[in-house]
Amino acid sequence: MTNVDFMLVAGARPNFVKLAPLHQALAAQQRPQLMIVHTGQHYDHSMSGSFFEDLGIPEPEVNLEVGPGSHGQQTAAIMVGFEPLLDRYAPRCVIVFGDVNSTIACALVAAKAGVAVAHVEAGLRSRDWTMPEEINRVLTDRLANRLYAPSRDACNNLYSEGISEERVKLVGNIMVDTLCAQLPKIDQKGLLRDHNVEAGRYVLVTLHRPSNVDQPETLRELWTALQQTGRREPVLFPAHPRTQARVREFDLPLPTGGFRVLQPLQYHSFLGLMANARVVLTDSGGVQEETTALGVPCVTARLNTERPITVTEGTNRLAPPETESIIEALAQADGRRGRIPELWDGHTAERIAIDLCRGTSDP
Ligand code: UD1
């Protein structure tokens with residue numbers, strides 16, 4: 001395959017959820033040549049393959065299989081692996097998603113090769129430069145020719161950085177497309193039964209950010225909050241491999257009472273459990289958005305968020321990663337359903353596909 005129109009690049013779990021609807025929407029346009037490149041940043045079946053299965057994403061044409069490493073090693077390995085693909089497949093446009101190392105690595109290589117870059121989920125800013133994702137976001141947006149923003153605040157961030165308005169398009173949140181398409185396929189009752197929980201009567205947890213799990217003091221604060229909450233109600237914690245490794249390394253006490261640590265879940269299982277939780281505790285960007293779309297209360301264990309709309313319009317609230325503040329925020333989470341932000345309507349991928357196929361992404 002050569003002279004590809006759109007090369008879609010994904011590497012980590014949150015990328016797959018965004019790639020799935022866009023691949024489908026592009027395929028529905030007038031037969032563009034599409035190809036998927038998996039960088040291999042995530043490689044466990046539970047972090048990668050199971051998402052391709054649940055979301056019906058075709059097998060990637062190329063898997064660079066870079067695996068783990070320091071930020072420098074991982075980003076460099078992706079760049080070295082990705083560069084020859086531009087010669088081999090001559091894509092008209094490289095499409096990158098989100099803010100992970102694969103996003104910046106491939107955007108940088110494509111931009112230097114003079115290939116147009118489209119960035120899906122442009123313009124989000126936490127203004128926290130200690131966060132690797134913030135660096136990835138700012139740089140990817142600077143490199144991209146076409147910037148697809150999920151919300152108006154994201155557009156405004158881009159304008160205030162001097163990015164011209166013609167390059168930016170407000171399209172809504174593409175994760176909501178996946179959520180709307182997949183939710184009806186889930187056997188929610190069966191899922192609750194399998195996990196031995198009742199609708200609206202448990203806490204669902206995801207925590208994996210370096211700022212929360214890499215320091216023993218911080219992880220211990222969070223862990224204690226989960227142990228204590230588990231005395232009152234079930235707490236389900238499907239833990240990222242990085243978090244599991246830190247829990248072992250820091251020798252944290254075994255979960256007790258209603259507190260249960262699980263392996264990372266497939267997309268369908270996690271979405272079904274999220275839709276029925278009383279409250280979700282997270283530090284993930286995507287989960288803040290998905291809970292807003294579902295109208296499920298969310299507590300984000302961070303001091304800032306690049307997704308402020310989930311707080312101003314949605315169901316999210318921030319809480320510092322300290323035992324007391326987390327316990328209190330979880331206990332106080334109410335049934336506030338929030339408001340669904342503008343264009344989070346399940347049709348974001350279509351809007352992007354139409355725009356891309358108009359050819360506005362030429363460099
Ligand atoms: C990455 C993203 C983060 C995103 C997260 C979602 C960056 C900078 N960070 O963080 O924004 O929220 O993905 O999950 O790109 N590991 C495995 N198996 C896997 C994947 C990872 O064991 O399939 C372990 C490895 O030990 C690895 C560690 O997890 O070193 C961290 O993985 P990495 O891809 O470097 O970053 P994440 O923390 O997953």
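The model is a predicted one, and a search through the whole of it finds zero disulfides. For Cys155 the reason lies in distance, because the closest cysteine sulfur, that of Cys93, is 18 Å away and thus too far for a bond, where a disulfide would need the two sulfur atoms to be within 2.5 Å. Cys298 likewise takes part in no disulfide, the nearest cysteine sulfur being that of Cys180 at 18 Å. Both of these residues are shielded from the surface: Cys155 counts as buried, because its relative accessibility is 6%, which lies under the 20% limit for that class, and Cys298 is buried with a relative accessible area of 2%.

Turning to open spaces, the largest pocket has a volume of about 1100 Å³. Its lining consists of 46 residues, of which Pro14, His42, Met47, His208 and His240 are the closest to the centre of the pocket. Several helices give two or more residues to this lining, namely helix H1 (13-27), helix H2 (45-55), helix H3 (71-89), helix H5 (132-143), helix H11 (241-249), helix H12 (267-276) and helix H13 (285-294). Sorted by class, the lining of the largest pocket holds 20 nonpolar residues alongside 14 polar and twelve charged ones.

About 50 Å³ of space lies in the largest cavity, whose lining is made up of Val120, Glu121, Tyr148, Pro150, Val171, Gly172, Asn173, Ile174, Met175, Thr348 and Ile352. Two helices, helix H7 (174-182) and helix H16 (348-357), each supply at least two residues of that lining. By class, seven of the residues around the largest cavity are nonpolar, three are polar and one is charged.

The last stop is helix H15, which spans residues 323-332 and whose buried residues are Thr323, Ser325, Ile326, Ile327, Ala329 and Leu330. The cover over these buried residues of H15 includes helix H10 (216-229) together with several strands, namely strand S8 (203-206), strand S11 (279-282), strand S12 (298-300) and strand S13 (316-318).

Methods:
Residues numbered from 1 in each chain as written. Predicted model: local features only at pLDDT ≥ 70, side-chain atom pairs only at ≥ 80, totals over all residues. Heavy atoms only, no water. Buried < 20%, exposed > 50% of the residue type's maximum accessible area, 1.4 Å probe, protein only. 1 Å grid on protein atoms, 1.4 Å probe; cavity = no way out; pocket = protein on both sides within 12 Å on 5 of 7 lines; lining within 4 Å. Points joined across faces, edges and corners; volume = space filled by probe spheres on them. Helix = DSSP H or I, 4+ residues; strand = E, 2+ residues; numbered from the N terminus. Nonpolar A, V, L, I, M, F, W, Y, C, P; charged D, E, K, R; others polar. Contact = heavy atoms within 4.5 Å.
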